[in-house]
Amino acid sequence: MLVQTHELCSVPSFDHDYGMEDYGKGVARWCPGCGGHSILTTVQRVCKDMQYEPEKTVVVSGIGCSGRFPHYMGTYGFHGLHGRAFPVASGVKFRRPDLNVFVVTGDGDCCSIGAAHWVHAIRYNMKMVALLFDNGIYGLTKKQTSPTSPLGTHSNTHPRGSVLPPINPIQTTLGLANVSFVAQTVDWNSAHLYATIRKAAEHPGLAFVRIVQRCPAFMRDLYGDIAVNPKNLILLSHENGINLKHKARQAFGRVIEHDPSNIHKAREHAEINNGIPIGLLYQNTDNARYDEYGAHNIGMGVEEKKQNLESLLDQYSTSNSV
Ligand code: SF4
(Lines give C-alpha, C1' and ligand atoms only; values in the text may rest on other atoms or scores of the structure.)
Protein backbone atom coordinates (compact mmCIF):
# COMPACT_ATOMS: atom_id res chain seq x y z
CA MET A 1 0.00 0.00 0.00
CA LEU A 2 1.60 3.24 -1.17
CA VAL A 3 1.52 6.00 1.47
CA GLN A 4 4.11 8.65 0.72
CA THR A 5 7.03 9.83 -1.38
CA HIS A 6 9.83 11.48 0.56
CA GLU A 7 10.33 15.12 -0.46
CA LEU A 8 14.04 14.65 -1.24
CA CYS A 9 13.67 11.32 -2.92
CA SER A 10 11.44 10.01 -5.70
CA VAL A 11 11.50 6.43 -4.41
CA PRO A 12 8.06 5.63 -3.01
CA SER A 13 7.81 4.19 0.48
CA PHE A 14 5.29 1.65 1.71
CA ASP A 15 3.56 1.33 5.04
CA HIS A 16 4.17 -2.42 4.79
CA ASP A 17 6.62 -4.15 2.52
CA TYR A 18 5.63 -7.82 2.47
CA GLY A 19 8.46 -10.35 2.40
CA MET A 20 8.54 -14.08 1.65
CA GLU A 21 8.00 -14.83 5.35
CA ASP A 22 4.54 -13.22 5.13
CA TYR A 23 3.33 -15.85 2.65
CA GLY A 24 4.78 -19.00 4.18
CA LYS A 25 3.48 -21.19 6.99
CA GLY A 26 4.83 -24.41 8.49
CA VAL A 27 6.92 -27.03 6.76
CA ALA A 28 5.49 -28.64 3.63
CA ARG A 29 4.88 -32.34 4.20
CA TRP A 30 5.38 -33.48 0.63
CA CYS A 31 7.93 -36.16 -0.30
CA PRO A 32 11.54 -35.06 -0.91
CA GLY A 33 11.88 -34.11 -4.58
CA CYS A 34 8.14 -33.58 -5.04
CA GLY A 35 7.36 -30.85 -7.57
CA GLY A 36 4.94 -29.31 -5.08
CA HIS A 37 7.84 -27.69 -3.21
CA SER A 38 9.02 -25.54 -6.11
CA ILE A 39 5.47 -24.55 -7.03
CA LEU A 40 4.80 -23.45 -3.45
CA THR A 41 7.92 -21.27 -3.32
CA THR A 42 7.09 -19.79 -6.72
CA VAL A 43 3.54 -18.85 -5.75
CA GLN A 44 4.88 -17.22 -2.58
CA ARG A 45 7.41 -15.29 -4.68
CA VAL A 46 4.73 -14.09 -7.08
CA CYS A 47 2.56 -12.97 -4.14
CA LYS A 48 5.53 -11.07 -2.70
CA ASP A 49 6.47 -9.45 -6.01
CA MET A 50 2.84 -8.45 -6.61
CA GLN A 51 2.72 -7.24 -2.97
CA TYR A 52 -0.57 -9.08 -2.45
CA GLU A 53 -1.90 -8.40 1.01
CA PRO A 54 -1.91 -11.81 2.74
CA GLU A 55 -5.26 -11.04 4.39
CA LYS A 56 -6.73 -10.35 0.95
CA THR A 57 -5.40 -13.50 -0.68
CA VAL A 58 -7.18 -16.86 -0.69
CA VAL A 59 -5.92 -20.24 -1.85
CA VAL A 60 -8.60 -22.88 -2.45
CA SER A 61 -7.71 -26.52 -3.03
CA GLY A 62 -9.45 -29.85 -3.52
CA ILE A 63 -8.22 -33.26 -2.40
CA GLY A 64 -4.93 -34.92 -3.25
CA CYS A 65 -1.29 -34.17 -2.50
CA SER A 66 -1.78 -30.71 -4.01
CA GLY A 67 -4.73 -30.19 -1.65
CA ARG A 68 -2.33 -29.48 1.21
CA PHE A 69 -1.14 -26.30 -0.51
CA PRO A 70 -3.27 -23.80 1.51
CA HIS A 71 -1.83 -25.21 4.76
CA TYR A 72 1.57 -23.86 3.76
CA MET A 73 0.48 -20.38 2.72
CA GLY A 74 0.37 -17.51 5.21
CA THR A 75 -2.84 -16.32 3.54
CA TYR A 76 -6.45 -17.38 3.88
CA GLY A 77 -7.13 -20.81 2.51
CA PHE A 78 -9.78 -23.48 2.07
CA HIS A 79 -8.87 -27.16 1.79
CA GLY A 80 -12.13 -28.34 0.36
CA LEU A 81 -13.90 -31.37 -0.99
CA HIS A 82 -12.66 -33.63 -3.75
CA GLY A 83 -13.16 -31.94 -7.11
CA ARG A 84 -14.84 -28.89 -5.60
CA ALA A 85 -12.02 -26.34 -5.57
CA PHE A 86 -13.45 -24.42 -8.52
CA PRO A 87 -16.99 -23.84 -7.19
CA VAL A 88 -15.67 -22.79 -3.77
CA ALA A 89 -13.18 -20.39 -5.37
CA SER A 90 -15.89 -19.06 -7.69
CA GLY A 91 -18.13 -18.34 -4.70
CA VAL A 92 -15.32 -16.49 -2.94
CA LYS A 93 -14.51 -14.42 -6.01
CA PHE A 94 -18.13 -13.62 -6.86
CA ARG A 95 -18.88 -12.41 -3.34
CA ARG A 96 -15.49 -10.72 -2.78
CA PRO A 97 -14.08 -9.58 -6.13
CA ASP A 98 -11.45 -7.57 -4.26
CA LEU A 99 -9.63 -10.75 -3.13
CA ASN A 100 -6.73 -12.42 -4.95
CA VAL A 101 -7.86 -15.99 -5.53
CA PHE A 102 -5.73 -19.03 -6.38
CA VAL A 103 -7.14 -22.47 -7.15
CA VAL A 104 -4.87 -25.46 -6.60
CA THR A 105 -6.06 -28.76 -8.03
CA GLY A 106 -4.55 -32.06 -9.14
CA ASP A 107 -5.11 -34.25 -12.20
CA GLY A 108 -7.49 -36.55 -10.32
CA ASP A 109 -9.22 -33.68 -8.55
CA CYS A 110 -9.71 -31.51 -11.66
CA CYS A 111 -9.89 -33.91 -14.60
CA SER A 112 -11.95 -36.68 -12.97
CA ILE A 113 -14.38 -35.96 -10.14
CA GLY A 114 -14.17 -32.18 -10.65
CA ALA A 115 -14.35 -32.16 -14.45
CA ALA A 116 -17.81 -30.56 -14.63
CA HIS A 117 -16.70 -27.73 -12.33
CA TRP A 118 -13.53 -27.22 -14.38
CA VAL A 119 -15.61 -26.77 -17.57
CA HIS A 120 -17.94 -24.19 -16.03
CA ALA A 121 -15.23 -22.30 -14.16
CA ILE A 122 -13.46 -21.75 -17.48
CA ARG A 123 -16.72 -20.49 -19.01
CA TYR A 124 -17.45 -18.17 -16.06
CA ASN A 125 -13.94 -16.71 -16.49
CA MET A 126 -13.77 -15.05 -13.05
CA LYS A 127 -10.42 -13.48 -12.32
CA MET A 128 -8.33 -16.09 -10.54
CA VAL A 129 -5.24 -18.21 -11.09
CA ALA A 130 -5.94 -21.93 -11.48
CA LEU A 131 -2.92 -24.21 -11.07
CA LEU A 132 -3.30 -27.81 -12.21
CA PHE A 133 -0.62 -29.95 -10.56
CA ASP A 134 -0.43 -32.76 -13.11
CA ASN A 135 1.76 -35.68 -12.07
CA GLY A 136 -0.26 -38.25 -14.00
CA ILE A 137 -1.14 -40.38 -10.96
CA TYR A 138 -3.17 -40.43 -7.75
CA GLY A 139 -0.25 -39.91 -5.34
CA LEU A 140 -2.03 -39.35 -2.02
CA THR A 141 -3.76 -42.72 -2.24
CA LYS A 142 -0.53 -44.39 -3.40
CA LYS A 143 -0.61 -44.94 -7.15
CA GLN A 144 -3.91 -45.37 -8.92
CA THR A 145 -4.39 -44.51 -12.60
CA SER A 146 -5.53 -40.90 -13.05
CA PRO A 147 -7.30 -39.39 -16.09
CA THR A 148 -3.95 -38.04 -17.32
CA SER A 149 -1.86 -41.20 -16.77
CA PRO A 150 -0.18 -42.11 -20.06
CA LEU A 151 -1.53 -45.18 -21.83
CA GLY A 152 0.04 -48.31 -20.39
CA THR A 153 0.81 -46.85 -16.94
CA HIS A 154 1.26 -49.63 -14.39
CA SER A 155 -0.61 -48.76 -11.22
CA ASN A 156 -2.52 -50.41 -8.40
CA THR A 157 -5.74 -50.15 -10.40
CA HIS A 158 -4.11 -51.28 -13.68
CA PRO A 159 -1.23 -53.61 -12.76
CA ARG A 160 -0.97 -54.69 -16.41
CA GLY A 161 -1.03 -51.13 -17.70
CA SER A 162 -3.81 -48.57 -18.18
CA VAL A 163 -5.99 -49.15 -21.23
CA LEU A 164 -7.60 -45.78 -22.01
CA PRO A 165 -5.92 -42.81 -23.69
CA PRO A 166 -5.36 -39.93 -21.25
CA ILE A 167 -7.12 -36.58 -21.19
CA ASN A 168 -4.90 -33.75 -22.42
CA PRO A 169 -5.82 -30.93 -19.98
CA ILE A 170 -4.60 -28.06 -22.14
CA GLN A 171 -6.24 -29.44 -25.26
CA THR A 172 -9.51 -29.86 -23.33
CA THR A 173 -9.35 -26.36 -21.83
CA LEU A 174 -8.62 -24.82 -25.22
CA GLY A 175 -11.88 -26.36 -26.47
CA LEU A 176 -14.08 -24.79 -23.79
CA ALA A 177 -16.42 -21.84 -24.28
CA ASN A 178 -15.08 -18.47 -23.14
CA VAL A 179 -11.58 -19.78 -22.41
CA SER A 180 -9.28 -16.79 -21.92
CA PHE A 181 -5.84 -18.00 -20.76
CA VAL A 182 -4.09 -21.35 -21.10
CA ALA A 183 -0.42 -21.89 -20.29
CA GLN A 184 1.79 -24.88 -19.63
CA THR A 185 4.98 -25.08 -17.60
CA VAL A 186 7.02 -27.58 -15.58
CA ASP A 187 7.89 -27.57 -11.89
CA TRP A 188 11.64 -28.04 -12.48
CA ASN A 189 12.34 -24.94 -14.56
CA SER A 190 12.09 -22.21 -11.94
CA ALA A 191 12.51 -19.26 -14.34
CA HIS A 192 9.71 -20.44 -16.60
CA LEU A 193 7.49 -21.50 -13.69
CA TYR A 194 7.80 -18.06 -12.11
CA ALA A 195 7.24 -16.15 -15.38
CA THR A 196 4.15 -18.26 -16.14
CA ILE A 197 2.47 -17.86 -12.75
CA ARG A 198 3.31 -14.14 -12.77
CA LYS A 199 1.70 -13.73 -16.20
CA ALA A 200 -1.32 -15.70 -14.98
CA ALA A 201 -1.67 -13.44 -11.93
CA GLU A 202 -1.74 -10.39 -14.20
CA HIS A 203 -4.43 -11.81 -16.50
CA PRO A 204 -7.90 -10.23 -16.25
CA GLY A 205 -9.91 -13.46 -16.12
CA LEU A 206 -9.41 -17.11 -15.24
CA ALA A 207 -5.82 -18.09 -16.00
CA PHE A 208 -5.49 -21.86 -16.35
CA VAL A 209 -1.94 -23.17 -15.90
CA ARG A 210 -1.11 -26.84 -16.26
CA ILE A 211 2.10 -27.57 -14.37
CA VAL A 212 3.74 -30.81 -15.35
CA GLN A 213 4.78 -32.03 -11.92
CA ARG A 214 7.25 -34.67 -10.80
CA CYS A 215 6.08 -37.34 -8.38
CA PRO A 216 9.27 -39.22 -7.50
CA ALA A 217 7.35 -41.49 -5.11
CA PHE A 218 4.99 -43.06 -7.66
CA MET A 219 5.78 -41.77 -11.17
CA ARG A 220 9.54 -41.66 -11.12
CA ASP A 221 9.83 -42.74 -14.76
CA LEU A 222 7.18 -40.44 -16.22
CA TYR A 223 9.19 -37.24 -16.39
CA GLY A 224 12.59 -38.52 -15.27
CA ASP A 225 14.29 -38.42 -18.69
CA ILE A 226 12.49 -35.27 -19.75
CA ALA A 227 13.52 -33.51 -16.55
CA VAL A 228 17.23 -34.26 -16.93
CA ASN A 229 17.38 -33.23 -20.58
CA PRO A 230 16.11 -29.67 -21.20
CA LYS A 231 16.11 -30.43 -24.93
CA ASN A 232 12.85 -32.30 -24.34
CA LEU A 233 11.15 -29.04 -23.46
CA ILE A 234 9.84 -26.98 -26.36
CA LEU A 235 9.66 -23.29 -25.58
CA LEU A 236 6.68 -21.43 -27.08
CA SER A 237 8.01 -17.94 -27.49
CA HIS A 238 6.40 -14.62 -28.41
CA GLU A 239 6.61 -11.00 -27.36
CA ASN A 240 3.10 -11.37 -25.86
CA GLY A 241 3.86 -14.74 -24.29
CA ILE A 242 5.94 -15.87 -21.32
CA ASN A 243 9.10 -13.82 -21.44
CA LEU A 244 12.37 -15.29 -20.24
CA LYS A 245 15.74 -13.62 -19.93
CA HIS A 246 18.23 -14.48 -22.68
CA LYS A 247 20.24 -16.82 -20.44
CA ALA A 248 17.18 -18.82 -19.41
CA ARG A 249 16.10 -19.14 -23.07
CA GLN A 250 19.47 -20.63 -24.02
CA ALA A 251 18.74 -23.76 -21.99
CA PHE A 252 16.04 -24.80 -24.47
CA GLY A 253 16.98 -26.96 -27.39
CA ARG A 254 13.80 -26.24 -29.32
CA VAL A 255 11.96 -22.92 -29.61
CA ILE A 256 8.74 -22.36 -31.56
CA GLU A 257 7.44 -18.87 -32.29
CA HIS A 258 3.78 -18.89 -31.23
CA ASP A 259 1.36 -15.97 -31.15
CA PRO A 260 -0.92 -16.60 -28.12
CA SER A 261 -3.85 -14.85 -29.83
CA ASN A 262 -4.03 -17.75 -32.33
CA ILE A 263 -6.24 -20.43 -30.75
CA HIS A 264 -6.04 -22.76 -33.75
CA LYS A 265 -2.25 -22.90 -33.58
CA ALA A 266 -2.51 -23.24 -29.79
CA ARG A 267 -4.58 -26.40 -30.27
CA GLU A 268 -1.98 -27.77 -32.68
CA HIS A 269 0.84 -27.11 -30.22
CA ALA A 270 -1.15 -28.68 -27.40
CA GLU A 271 -1.01 -31.97 -29.33
CA ILE A 272 2.80 -32.10 -29.62
CA ASN A 273 3.86 -35.46 -28.22
CA ASN A 274 7.58 -35.63 -28.93
CA GLY A 275 8.41 -33.25 -26.07
CA ILE A 276 6.61 -30.91 -23.67
CA PRO A 277 5.56 -27.56 -25.16
CA ILE A 278 5.77 -24.89 -22.47
CA GLY A 279 4.65 -21.28 -22.64
CA LEU A 280 1.51 -19.26 -23.17
CA LEU A 281 -0.69 -21.15 -25.59
CA TYR A 282 -3.65 -18.78 -25.62
CA GLN A 283 -4.73 -15.46 -24.15
CA ASN A 284 -7.73 -13.24 -24.80
CA THR A 285 -8.23 -10.35 -22.40
CA ASP A 286 -11.64 -9.31 -23.83
CA ASN A 287 -13.76 -12.29 -22.76
CA ALA A 288 -16.83 -11.80 -20.56
CA ARG A 289 -16.16 -12.22 -16.82
CA TYR A 290 -18.92 -13.35 -14.51
CA ASP A 291 -17.32 -11.73 -11.44
CA GLU A 292 -18.14 -8.38 -13.02
CA TYR A 293 -21.84 -9.10 -12.49
CA GLY A 294 -21.68 -9.63 -8.72
CA ALA A 295 -23.54 -7.35 -6.30
CA HIS A 296 -20.46 -5.18 -5.88
CA ASN A 297 -20.03 -4.58 -9.57
CA ILE A 298 -23.54 -3.72 -10.72
CA GLY A 299 -23.64 -0.71 -8.42
CA MET A 300 -25.98 -2.41 -5.94
CA GLY A 301 -25.15 -2.71 -2.25
CA VAL A 302 -25.89 -5.89 -0.32
CA GLU A 303 -28.86 -4.31 1.54
CA GLU A 304 -30.35 -2.97 -1.68
CA LYS A 305 -29.94 -6.37 -3.31
CA LYS A 306 -31.66 -8.04 -0.34
CA GLN A 307 -34.60 -5.60 -0.48
CA ASN A 308 -35.03 -6.13 -4.22
CA LEU A 309 -34.96 -9.88 -3.73
CA GLU A 310 -37.54 -9.70 -0.93
CA SER A 311 -39.91 -7.53 -2.97
CA LEU A 312 -39.62 -9.99 -5.86
CA LEU A 313 -40.35 -12.91 -3.53
CA ASP A 314 -43.36 -10.98 -2.14
CA GLN A 315 -44.94 -11.15 -5.61
CA TYR A 316 -45.22 -14.90 -5.17
CA SER A 317 -46.42 -14.81 -1.58
CA THR A 318 -49.61 -16.85 -1.06
CA SER A 319 -50.94 -14.13 1.27
CA ASN A 320 -51.08 -11.74 -1.73
CA SER A 321 -53.15 -14.10 -3.80
CA VAL A 322 -56.09 -14.47 -1.37
FE1 SF4 B 1 4.54 -35.38 -4.21
FE2 SF4 B 1 4.06 -37.79 -5.25
FE3 SF4 B 1 4.86 -37.57 -2.72
FE4 SF4 B 1 2.42 -36.76 -3.45
S5 SF4 B 1 3.19 -38.86 -3.49
S6 SF4 B 1 3.83 -35.66 -2.09
S7 SF4 B 1 2.81 -35.92 -5.51
S8 SF4 B 1 6.03 -37.02 -4.55
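This is a predicted model: local features need pLDDT of at least 70, side-chain atom pairs count only at pLDDT 80 or more; totals for chains, interfaces and linings use all residues.
1. Quick ground rule before the strands: two of them count as paired if DSSP finds at least two bridges between them.

2. Staying with S13 (276-283), how many of its residues are buried? Eight of the eight are, so the strand is largely enclosed by the rest of the structure. S13 also pairs with S11 (233-237), this time in the parallel sense and over three bridges. There, the bridge partner of Leu233 is Ile276 in S13.

3. Now S10, residues 206-212. Seven of its seven residues are buried, so this strand too is largely enclosed by the rest of the structure. Both faces are covered: one side carries Leu206, Phe208, Arg210 and Val212, the other Ala207, Val209 and Ile211, and all of them are buried. Note that Arg210 is in that buried set.

4. Who are the neighbours of S10? Strand S6 (residues 128-134) runs parallel to S10 and is joined to it by seven bridges, with Phe133 standing opposite Ile211. S9 (residues 181-186) also runs parallel to S10, through five bridges; here Val186 has Val212 as its bridge partner.

5. Together with helix H6 (residues 190-202), the two strands make a right-handed β-α-β unit.

6. On packing: the largest nonpolar core has 43 residues, and those touching the most other members are Ile39, Val43, Phe69, Leu131 and Ile276. Elements giving two or more residues to this core include helix H1 (36-49), strand S5 (100-106), S6, S9, S10, S11 and S13. The largest share comes from H6, which supplies six residues. Ile276 is a handy one to pick out: besides its place in the core, it is the S13 residue bridged to Leu233.

7. Last, the outside. Which residues form a nonpolar patch on the surface? Tyr124, Tyr290 and Tyr293 do, with about 320 Å² of accessible area together. Tyr290 sits in the loop between S13 and helix H10 (302-315). Is Tyr290 buried or partly exposed? With a relative accessible area of 39%, Tyr290 is partly exposed, because that class lies between the 20% limit for buried and the 50% limit for exposed.

Methods
Residues are numbered from 1 along each chain as its sequence is written. Side-chain values use heavy atoms; hydrogens and water are left out. Buried means under 20% relative accessible area, exposed over 50%, partly exposed in between (1.4 Å probe, protein chains only). Helices (H or I, at least four residues) and strands (E, at least two) are DSSP runs, numbered from the N terminus. A crossover is right-handed if, with the strands pointing away from the viewer, the path from the first strand over the helix to the second runs clockwise. Patches are made of residues with over 30% relative accessible area and no salt bridge: like charges are joined within 9 Å, nonpolar side chains (Val, Leu, Ile, Met, Phe, Trp, Tyr) within 5 Å. Accessible areas come from the Shrake-Rupley method with a 1.4 Å probe; for residues, only the protein chains shown count as cover. A salt bridge is a side-chain nitrogen of Lys or Arg within 4 Å of a carboxyl oxygen of Asp or Glu. A nonpolar core is a set of buried Ala, Val, Leu, Ile, Met, Phe, Trp, Tyr and Cys residues joined through side-chain atoms within 4.5 Å.
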